[in-house]
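This report describes how the parts of a protein model pack against one another. Please keep the sequence and the structure in view while reading.

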Amino acid sequence: MGLQNGQGGLNTLSALMADSTDAGEAKASVEKADAACVTGHNVLTAKELIEFIQIYASTLLAAGGQTSRVDRTACRIARAYGFEVELAIFPKHLMLSVIKPAEGGIPAERRTAVSSIVSGAPNFQRVAALNALSWSIADENLSLAKAREHFSAICAVPTLNPVLLRFLVACANAAFCGLFNGDAVAMGLVFCATFLGFYLRQKLLHWGLDLKVTFFLCSFAASLVASLGVLLHLGNTPQTGMAASVLFLIPGIPLINAMLDILDGHVLMGVSRLIQASTLIICIALGLATTMLLMGVDSL
């Protein structure tokens with residue numbers, strides 16, 4: 001009888017311990033779920049977030065965003081979802097690490113990815129929209145699914161009509177010629193030269209030709225058209241028109257971003273962008289020099 005009572009007491013104790021264990025596990029599960037939730041967002045894994053930030057940062061860089069802006073926006077998005085981010089940007093690639101700190105019994109999670117930076121034309125409208133998206137994620141508690149929808153909508157916005165863009169660039173370059181005291185004839189030649197040169201640039205880039213070769217050929221074609229003013233003695237400032245005909249090719253945005261990157265401490269990216277822009281300027285100068293050599297123009 002005493003043995004049976006002792007056995008019954010052990011069974012009761014085991015049952016109580018089992019109930020306590022189940023209650024502890026349930027409590028731990030609730031704490032884990034609470035810790036995994038970020039205010040207003042679905043539960044995310046580092047893998048899901050890194051895929052979004054990866055394409056976001058690459059798109060922002062391709063659109064002409066400076067390095068410090070890309071770093072700030074990536075950190076802003078990651079922190080909005082309860083993660084930390086470490087970003088290293090190189091001339092051709094970016095390396096991204098997303099870290100979820102250990103919290104509430106959940107072990108720390110870390111994901112690292114390397115991706116190529118896709119080259120593209122500068123698009124300040126896209127840069128502004130992507131920057132605004134990062135603030136919306138932080139301030140309005142957008143879920144990752146909603147953030148992806150907004151990102152796709154931004155990328156789907158069509159660029160300016162190519163013909164209209166050529167016309168506007170030609171008008172701007174003709175105005176530059178006027179700023180350098182070019183007369184109406186020189187401005188007309190610059191307009192025609194720029195329209196042709198920019199059309200050639202669009203086509204060659206669409207065909208996938210190397211950027212440096214493209215800039216050389218466009219500079220040569222534009223200056224060749226403008227050199228008609230020197231050969232035929234059209235107007236009073238044909239040399240000014242010939243010199244201004246290649247100004248539309250000057251890589252102003254990469255030069256500005258290079259200086260901003262150096263001032264912000266991103267020296268590697270700044271120097272890389274400065275070298276790339278300088279290389280394009282040399283190609284422009286070679287194209288203009290080739291025209292001057294063929295046309296027998298001694299000076300501008």
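Which strands does H2 lie across, and at about what angle does H2 run to S3? In this predicted model, H2 lies across S1, S2 and S3, and its direction is at about 30° to that of S3. These three strands make up an open sheet, arranged in the order S1-S2-S3 with antiparallel pairing; S1 and S3 are the edge strands, each pairing on one side only, and the twist from one strand to the next averages 15°. Between S1 and S2 the antiparallel pairing extends over six bridges, and Glu86 has Ser97 in S2 as its bridge partner.

The largest nonpolar core has 37 residues, and those with the most contacts inside it include Leu49, Phe52 and Ile137.

Apart from its neighbours within four places in sequence, Phe52 is in contact with Ile77, Leu133, Ile137, Leu144, Ala147, Arg148 and Phe151. A second, separate core has 19 residues, among them Leu204, Leu249, Cys283 and Leu288.

Asn131, a residue of helix H4, counts as buried because its relative accessible area is 18%, under the 20% cut-off. Leaving out residues up to four places away in sequence, Asn131 touches Tyr56, Arg69, Thr73 and Arg76, and the side chains of Asn131 and Arg69 are joined by a polar contact of 3.4 Å.

Conventions
Residues are numbered from 1 along each chain as its sequence is written. This is a predicted model: local features need pLDDT of at least 70, side-chain atom pairs count only at pLDDT 80 or more; totals for chains, interfaces and linings use all residues. Side-chain values use heavy atoms; hydrogens and water are left out. A nonpolar core is a set of buried Ala, Val, Leu, Ile, Met, Phe, Trp, Tyr and Cys residues joined through side-chain atoms within 4.5 Å. Buried means under 20% relative accessible area, exposed over 50%, partly exposed in between (1.4 Å probe, protein chains only). Contact means heavy atoms within 4.5 Å. Helices (H or I, at least four residues) and strands (E, at least two) are DSSP runs, numbered from the N terminus. A polar contact is a pair of N or O atoms within 3.5 Å; within protein, one must be able to donate a hydrogen and the other to accept it, and residues adjacent in sequence count only if both atoms are side-chain atoms. Two strands pair if DSSP finds at least two bridges between them. Axes are lines fitted to C-alpha atoms, for helices over the stretch in contact, and angles run from 0 to 180 degrees between N-to-C directions.
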